[in-house]
Amino acid sequence: MTHVHPAGHPAPASEQSRTETGAALLATRLTFFATGFLTASWAPLIPFVKARVGADEGMFGVMLLCMGLGALVAMPLTGWVAARHGARAVIRVSGLALLPMLPLITVMPGVLSLGLAMVVFGAVLSSVDVAMNIHSVEVERRSPRPVMSGMHALYSVGGFAGSGLVALMLLAGLAPQGTALICAGLAGAAVLAALPRLFRAKPSEAPVPFAVPRGIVLLLALACGISFLLEGAMLDWGALLVIERRLLAPEGAGLGYMLFAAAMVTARLVGDRLIERAGRRRVLVGGGVVVMAGLLVLVTAPWAWLSMAGFALIGFGAANMVPIFFSAAGRQEAMPPALAIASVSTTGYAGVLMGPALVGFAAQATSLATTFCALAVAVAVIPLCARRITRG
């Protein structure tokens, strides 16, 4: 559509381009928010879904693995489809398919139907995740300043909003099915508002499906896997470490992860400005050093308040790593950007799925504190490779 000044003269092409980029930026932010909102809305509903199908802990663990399986299968395929048809097409199909999944899961009558629904839920959720990161790279390429950290911040803000709203509605006595419908409706409004504003892609030559990561993409995938492993360890094992060290009672140990998550959202909200001023390499180096310092504080702190400071340091340091990795995956030339982002996403998600289990095995062989020290050594890869990651 041609943009017109108040005087009736056509707007310059650069102004039209800025308008389209601004609209696409808003649309991508809405997509990140809606995805985070729906993802977090699922967590408070888990006990009700588990009770409805009568699954024990082991069987329900298999159900959750079904969700992860769907995601791991869908992510590489999403990169290939997005490279052929554009991220907008994937967001349109997967985003609309995602909306009914949460209400459907809450009414599944048995274990088999729930498992199948979880596979689909994981697949469409991960497809939107990959596609919105691909689209955000294109938005950042056309923007005058970095925008990726702000996108990921809105995912986290959506997560806080989703989990908080579901908890409030359940406490008010609303049925899980009604709660899921309301959440799907709110997320659907955001997705429908975003779709017309997304960039219409110009597909490049057809890439080969499931390309093997190579060059800088391998390093980005490794770094992203470490970052997501760190986040998974903080979620699943951070509170247990504090309890093991007798710093806090179990009732208060969850405060640490809350501080970690709050610090991460805060740092991402200012991350784009920080990256613009300091540069991506310095942010990666500084972030890695802060994370390592936070991990060491966490395993050595003699007082509870100091261990809580360790959680916050880790959140602040880790916050802008993953956004930088996705930006780098979009800029590199070793692979088509869509396939590169899909590879990085798949490795990161594998880190989330398998990381906590690996931490558990390592803790059983040594101790939880020793395992967190080893995690600090793994994080050191990121600042050491920061120059290579941010080159170009």
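The largest cavity of this predicted model is lined by Thr-31, Ala-34, Thr-35, Leu-38, Ile-91, Gly-95, Leu-98, Leu-99, Val-128 and Val-191. Its volume is about 60 Å³, and one cavity of 30 Å³ or more is counted. Helix H1 (13-53) and helix H3 (87-98) each supply at least two residues of this lining, and H1 provides the largest share, with four residues. Sorted by class, the lining of the largest cavity holds seven nonpolar residues, three polar residues and no charged residues.

**Thr-28 in helix H1**

Helix H1 also holds Thr-28. Thr-28 has a relative accessibility of 1% and therefore counts as buried, the cut-off being under 20%. Apart from neighbours within four places in sequence, the residues in contact with Thr-28 are Met-132, His-135, Ser-136, Val-139, Met-151 and Leu-198.

**The largest pocket**

The largest pocket has a volume of about 1700 Å³. It is lined by 47 residues, of which Thr-39, Tyr-155, Leu-235, Tyr-257 and Val-352 are the closest to its centre. At least two lining residues come from each of H1, helix H2 (57-85), helix H5 (111-142), H6, H8, H9, H13 and helix H14 (337-365). The greatest contribution to the lining of this pocket is that of H1, with eight residues. By class, the pocket lining comprises 28 nonpolar, 15 polar and four charged residues.

Helix H9 covers residues 255-269. The buried residues of H9 are Gly-256, Phe-260, Ala-261, Ala-263, Met-264, Val-265, Ala-267 and Arg-268. These buried residues pack against helix H6 (148-171), helix H8 (216-244), helix H10 (271-278), helix H12 (304-318) and helix H13 (321-331).

The loop between H8 and H9 contains Arg-246. The phi angle of Arg-246 is near 60°, a positive value in a residue other than glycine. Arg-246 counts as exposed because its relative accessibility is 77%, the cut-off being over 50%.

**Aromatic pairs**

The count of aromatic pairs in the model is four. One of them joins Tyr-257 and Phe-260 in a tilted arrangement, with 5.5 Å centre to centre and 35° between the planes. Both residues lie in helix H9, three residues apart, about one turn of the helix. Tyr-257 is partly exposed, with a relative accessible area of 30%, whereas Phe-260 is buried at 1%.

Trp-303 and Trp-305 form a stacked pair, with 6.0 Å centre to centre and 5° between the planes. The angle of 5° falls under the 30 degrees required for stacking. Trp-303 is partly exposed at 48% relative accessible area, and Trp-305 counts as exposed at 59%.

The accessibility values of the residues in these two pairs are set out below.

| Residue | Relative accessible area | Class |
|---|---|---|
| Tyr-257 | 30% | partly exposed |
| Phe-260 | 1% | buried |
| Trp-303 | 48% | partly exposed |
| Trp-305 | 59% | exposed |

Tyr-257 also links this part of the account to the pocket: Tyr-257 is among the residues closest to the centre of the largest pocket, and its ring is paired with that of Phe-260.

Key: Residues are numbered from 1 along each chain as its sequence is written. This is a predicted model: local features need pLDDT of at least 70, side-chain atom pairs count only at pLDDT 80 or more; totals for chains, interfaces and linings use all residues. Side-chain values use heavy atoms; hydrogens and water are left out. On a 1 Å grid over the protein atoms alone, a cavity is a set of points where a 1.4 Å probe fits but cannot get out, and a pocket is an open set with protein on both sides within 12 Å along at least five of seven lines; lining residues have an atom within 4 Å of a point. Grid points are joined across faces, edges and corners, and a volume is the space filled by probe spheres set on the points. Ala, Val, Leu, Ile, Met, Phe, Trp, Tyr, Cys and Pro count as nonpolar, Asp, Glu, Lys and Arg as charged, and the others, Gly among them, as polar. Buried means under 20% relative accessible area, exposed over 50%, partly exposed in between (1.4 Å probe, protein chains only). Contact means heavy atoms within 4.5 Å. The expected span of a helix is 1.5 Å times one less than its number of residues. Rings of Phe, Tyr and Trp (its six-membered ring) pair if their centres lie within 6.5 Å; planes under 30 degrees apart count as stacked, over 60 as edge-to-face and the rest as tilted.
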